Amino acid sequence: MSITSIITSVFKAEDLRNRILFTLGIFVIFRFIAHIPLPGVNTIALKNLFASNQLLGLLDIFSGGTLANFSILALGLGPYINASIVLQLLQIVVPKLEELAKEGEYGRNQINMYTRLLTVPLAIFQAISMIAILRSQQPPIITEINILSMIAMVVTMTCGTILLMWFGELISEFGIGNGISLLIFAGIVGRLPISLFQTLSVADTFDPMNLIIFL
C-alpha cells in the first residue's frame, strides 16, 4: 500500500480526520504565539547571546525558538515537566501519593491536578530567575524594568506555560497522541530549519586547513 493511499484512507475516516486537523490547528496557534515577544527586551542582544552560547542554543531548539525570541511562551513546558518529575519522585517517599498512584484513573487524575498546581510556583520561580539572568548580562538584554513591569512579565510567562499545558490537554482529549509530547516535538521541528541554516552557515566558513594545522 502506497503512502498516498494510506493518507487517503486516513482522511476518509471522519473522526480521525477531525482529530488530525484539530491537532494541526493547535500546532499553528502554538507556533504563532511563540513569535510574540515580551516588551522591554533587547532582541538583538538576546539573539547574539544565544548565537554565542552553544548550550543556550541547544535549549532554544528544545523550546522551539521561544527562548531566543523571549516570547510569552519563553518558559515552554519546562515547569510542567519539572513538576511531573517532582511528583514522581515524591511518590517514592510519600506513602499517600504512592497509594493514590495505584488507585487507577481517579488516582492519576488527582496526581495530574497536583502536577498542574505545582507547575504554577515553579513557573513563577523560573520566570524570575530567567529575568534576573538576562538583566545581569552586558549589554542588558532586559532594559528599563520596574516592579510593575517585572510582575507583568512574570505573570505573562507563567500564563504562557499554563496555556501550553492546556493546549497539550486539548490535544490529548480531542486530537491524536500525547499532547505534551507532541507540542515538544512540534517546537523542535519548528526550530530545525533555522538550526540547519545556522549549521550550514558555519560549515561554509569552516576551513579544513585550520584543523590540519591544529593537529
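At what angle do the axes of α2 and α9 cross, and within what distance do they come? Exercise 1 works this out. The model is predicted: local features need pLDDT of at least 70, side-chain atom pairs count only at pLDDT 80 or more, and totals for chains, interfaces and linings use all residues. Residues are numbered from 1 along each chain as its sequence is written, and side-chain values use heavy atoms, with hydrogens and water left out.

**Exercise 1. Describe the packing of α2 against α9.**

Step 1. The two axes come within 9 Å and cross at roughly 170°. Axes are lines fitted to C-alpha atoms, for helices over the stretch in contact, and angles run from 0 to 180 degrees between N-to-C directions. Helices are DSSP runs (H or I, at least four residues), numbered from the N terminus.

Step 2. α2 and α9 are therefore roughly antiparallel (angles under 35 degrees count as roughly parallel, over 145 as roughly antiparallel, 65 to 115 as roughly perpendicular and the rest as oblique).

Step 3. Contact means heavy atoms within 4.5 Å. Among the α2 residues that meet α9 are Phe22, Ile26 and Phe30, and the α9 side includes Leu163, Phe167 and Phe174. The residues of this contact divide into 12 nonpolar, 1 polar and 2 charged.

**Exercise 2. Classify the ring pair of Phe22 and Phe174.**

Step 1. The count of aromatic pairs comes to 2 (ring centres of Phe, Tyr and Trp, the last by its six-membered ring, within 6.5 Å; planes under 30 degrees apart count as stacked, over 60 as edge-to-face and the rest as tilted).

Step 2. The ring centres of Phe22 and Phe174 lie 5.9 Å apart with planes at 65°, so this pair is edge-to-face.

Step 3. Phe22 belongs to helix α2 (residues 14–33) and Phe174 to helix α9, so the pair ties together parts 152 residues apart in sequence.

**Exercise 3. Describe how α8 packs with α9.**

Step 1. Helix α8 (residues 104–135) and helix α9 (residues 147–174) pack at about 135°, with axes 9 Å apart. That makes α8 oblique to α9.

Step 2. Residues of α8 in the contact include Val120, Ile124 and Ile128, while those of α9 include Met153, Met157 and Thr161. The contact divides into 13 nonpolar, 3 polar and 2 charged residues.

**Exercise 4. State where the confidence is under 50.**

Step 1. pLDDT is the predictor's confidence in each residue, from 0 to 100. The protein chain averages 79, and 78% of the residues score at least 70.

Step 2. Over residues 210–215 pLDDT stays under 50, and the model has 1 contact beyond four places in sequence for them. Where pLDDT is low, the predicted coordinates should not be read in detail.

Notes. Helix = DSSP H or I, 4+ residues; strand = E, 2+ residues; numbered from the N terminus. Nonpolar A, V, L, I, M, F, W, Y, C, P; charged D, E, K, R; others polar.
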